[in-house]
Amino acid sequence: METPLEEKTCVLLAREALDILGGKWSFLVLAKLSLGPRRFNALRKALEPISTKALTDTLRHLEHSQVIQRRAFPTVPVTVEYSLTEKGKDFQTVLFEMYSWAQKWGSSHPESHRSSEASQEANRISLQERSLE
């Protein structure tokens, strides 16, 4: 059983993590960027129906929180690419656990509740290999 201090610490740390991540689109942006660097329009198309303003605000917040980095290339027009920082790459473990949880509980289809240990382990290994690249 948790003591009141442990419970308070847990809540404070959870709040801090949510403050770092920001709004409702952050998890989806991070999930897309975990697959590799993306340009703004590629992110916007992949995350439809996100608005340009919502994506801009989310990217700025994540960049300010040092979870993603923004690289501008000197082209005409300027090309901008977003990618995960080390802090962002460390979050991939959380994304994987969310993915596993959603596979198990997120769908009303009974077969979604039958995910095997082997399948989950294969997904975990794949995610770890991608983060090492």
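Figure 1. Phe73 stands opposite Thr79 in β3. Another pairing to look for is Arg70, whose bridge partner in β3 is Tyr82. This is a predicted model, in which local features need pLDDT of at least 70 and side-chain atom pairs count only at pLDDT 80 or more, while totals for chains, interfaces and linings use all residues. Residues are numbered from 1 along each chain as its sequence is written, and side-chain values use heavy atoms, with hydrogens and water left out.

Figure 2. Strands β2 and β3 (residues 79-84) run antiparallel and are joined by 6 bridges; two strands pair if DSSP finds at least two bridges between them. A hairpin of 5 residues leads from β2 to β3. The open sheet has 3 strands in the order β1-β3-β2, with antiparallel pairing. Its edge strands are β1 (38-39) and β2 (68-73), each of which pairs on one side only.

Figure 3. Ser65 lies in the loop between α4 (52-64) and β2. Is Ser65 buried or exposed? Its relative accessible area is 11%, so Ser65 is buried (buried means under 20% relative accessible area, exposed over 50%, and partly exposed in between, with a 1.4 Å probe and protein chains only). Leaving aside neighbours within four places in sequence, Ser65 is in contact with Ile20 and Lys87; contact means heavy atoms within 4.5 Å.

**Figure 4. Where α2 meets α4.** The axes of α2 (residues 26-33) and α4 come within 10 Å and cross at roughly 75°. That makes α2 roughly perpendicular to α4, because angles of 65 to 115 degrees count as roughly perpendicular, under 35 as roughly parallel, over 145 as roughly antiparallel and the rest as oblique. Here the axes are lines fitted to C-alpha atoms, for helices over the stretch in contact, and angles run from 0 to 180 degrees between N-to-C directions. From α2, Ser26, Val29 and Leu30 meet Leu55, Thr58, Leu59 and Leu62 of α4. By class, this contact has 5 nonpolar, 2 polar and no charged residues.

**Figure 5. Stepping back to the whole chain.** The chain has 7 helices and 3 strands, which are DSSP runs numbered from the N terminus (helices H or I, at least four residues; strands E, at least two). Along the sequence, the pattern is α-α-β-α-α-β-β-α-α-α. Buried residues make up 26% of the 133 residues in the chain.

How values were computed
Nonpolar A, V, L, I, M, F, W, Y, C, P; charged D, E, K, R; others polar.
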